[in-house]
Amino acid sequence: MAIRKVLIIGGGIGGLCAAIGFRRKGIEVDLVEISETSKVYHVGIIVQANVVRALKELGVADEAVAVGFPYSGFEMQDPEGNTIVREYGPKLAGEDYPTDLGMARPALHDVLIKATRETGANMHFGVTFEKLDDQGDHVHVTFTDGSEGDYDMVIGADGAYSSVRKFLFPDLPAPKFTGQGVWRYNLPRPKDVTHSVMMDGIPGGKAGYVPLTEDTIYILYVGAEPGNPFFPTETLADEFKKRLEPYGGRIPELAKQITDPELVVYRPLEVCFVPDPWYRGRIVLMGDAAHAGTPHLGQGAAQAIEDAVVLAELAATEQEMEPMLRHYMDRRLERTRFIWESSIQIGEWEQHPTPDANAAALMKKMLEVVSAPI
Ligand SMILES: Cc1cc2nc3c(=O)[nH]c(=O)nc-3n(C[C@H](O)[C@H](O)[C@H](O)COP(=O)(O)OP(=O)(O)OC[C@H]3O[C@@H](n4cnc5c(N)ncnc54)[C@H](O)[C@@H]3O)c2cc1C
């Protein structure tokens, strides 16, 4: 039986890309997003070469490049700001496209929302599922607004705390705190900040900065937060600056501009990985719902977008549900597991350095892995 109509639960990066991918294949799409609006927080996202390639596949790369800051690769510095490694990204989307893009999250979100609308997906905000009833040849869904629908496939793209995952696999543990948290803040771009920089070498974490647009960058710190503390909003700017104190190079000049605690975005890092398979019957997981990792390789959203591209391609070409979802697992499991494990490993090394710790080598390996076709 061909797939004619799907429900996507969750309108984040992964869910929106799935909606675009399925619509481009001519499959009817309903998407429900639990939030009332399509707002995302204001800091940035690192978009690497495999994402540019996947966005091109979805037909939105030009729009993304137009609102992002194209650059190539990354630089690792010591805590004083001396270069340790400078890597250049591969041009996976072709000569006309950049290898990397810094983007404000709202800018990427706007591109994806616009394309989702234009491709004709039906988006419903402030709505989620109440009941998923897999009847074998279709899934009957009851929604929180009282409506109902029948779908050939249901996709759980509802993030790290996925309700679809809880429904499918109630015995899986909740996401686990890794011991680290991430601090971020947007700042004006000094004209010579033209690629992403990460500063390694102080136990606990690392600091860095990434260009987002011609005019803006974001500064970040990823570090140990023992006991997973809660920080009242009014303390966030001071707490962030305290963590940046050991760093030299450009950091002191940037840190003094962190003034508004309301604009600091702090997130504890929480992870989970669903064992094979990520589906039961006609209901399948993708993105953070299946593999929520840490941002150490800047590949979480990248993997969600690749899941979307692969799932849409398989749904359009394969007739039977179980073999189609098996192929999805075959193409996604090892790659996402490598990213997930390697990201967590880097965070572990930052917290508990060992003589063999080599984040730069793992980042280089990551570039090789994600350069392979999806
Ligand atoms: C600090 C930090 C920095 C990061 N930086 C990068 C980076 O630079 N590059 C990169 O590639 N990745 C990065 N990531 C990872 C990236 O943000 C995630 O992997 C990505 O957002 C996953 O997309 P998703 O669509 O699967 O989930 P989400 O983005 O979490 O979206 C899930 C959506 O589902 C909605 N939802 C939740 N529950 C329900 C429900 N029951 N019903 C309906 N809707 C629901 C949510 O409101 C949300 O809109 C970072 C992550 C963190 C924590």
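**A chat about the model**

Author: Let's start with Ile27, which lies in the loop between α1 (13-24) and β2 (28-33). Helices (H or I, at least four residues) and strands (E, at least two) are DSSP runs, numbered from the N terminus. This is a predicted model, where local features need pLDDT of at least 70, side-chain atom pairs count only at pLDDT 80 or more, and totals for chains, interfaces and linings use all residues. Residues are numbered from 1 along each chain as its sequence is written, and side-chain values use heavy atoms, with hydrogens and water left out.

Reader: OK, is Ile27 buried or exposed?
Author: Ile27 counts as buried, because its relative accessibility is 2%. Buried means under 20% relative accessible area, exposed is over 50%, and partly exposed is in between (1.4 Å probe, protein chains only).

Reader: And what is Ile27 in contact with?
Author: Setting aside neighbours within four places in sequence, Ile27 is in contact with Ile3, Arg4, Lys5, Val6, Phe22, Ala315 and Ala316. Contact here means heavy atoms within 4.5 Å. Take Arg4: it is 23 residues apart from Ile27 in sequence, but C-alpha to C-alpha they are 5.1 Å apart in space.

Reader: Let's zoom out. How many helices and strands are there in the chain?
Author: The protein chain has 11 helices and 19 strands. Along its principal axes, the C-alpha trace spans about 60 × 45 × 40 Å.

Reader: How much of the chain is buried?
Author: Buried residues make up 56% of the 374 residues. As for contacts between residues at least 6 apart in sequence, 73% of them join residues at least 24 apart.

Reader: Which helix is largely enclosed by the rest of the structure?
Author: That's α2 (residues 49-57): seven of its nine residues are buried, so the rest of the structure largely encloses it. The buried ones in α2 are Ala49, Asn50, Val51, Val52, Arg53, Ala54 and Leu55. Just after α2 comes Gly59, with a positive phi of about 80 degrees.

Reader: What about Arg335, buried or exposed?
Author: Arg335 lies in helix α10, and it is buried, with a relative accessible area of 9%. Not counting residues up to four places away in sequence, Arg335 touches Arg53, Gln303, Glu306, Val369, Val370, Ala372, Pro373 and Ile374.

Reader: Switching topic: where is there a cis peptide bond?
Author: Asp276 and Pro277 are joined by one, with omega about 0 degrees. Pro277 is in the loop between β17 (265-273) and β18 (279-280).

Reader: And which residue other than glycine has a positive phi?
Author: Asn228 is one, with phi near 50 degrees. Asn228 sits in the loop between β16 (216-224) and α6 (236-244), and at 28% relative accessible area it is partly exposed.

Reader: What is the volume of the largest cavity?
Author: About 80 Å³. Its lining residues include His291, Gln303, Thr336 and Trp340, and the largest share of that lining, four residues, comes from α10.

Reader: And how much space lies in the second largest pocket?
Author: About 260 Å³. Of the 15 residues that line that pocket, the closest to its centre are Asp200, Gly201, Trp349, Ala357 and Ala359. β14 (196-202), α10 (321-351) and α11 (359-371) are the elements that each give two or more residues to this lining.

Notes
On a 1 Å grid over the protein atoms alone, a cavity is a set of points where a 1.4 Å probe fits but cannot get out, and a pocket is an open set with protein on both sides within 12 Å along at least five of seven lines; lining residues have an atom within 4 Å of a point. Grid points are joined across faces, edges and corners, and a volume is the space filled by probe spheres set on the points.
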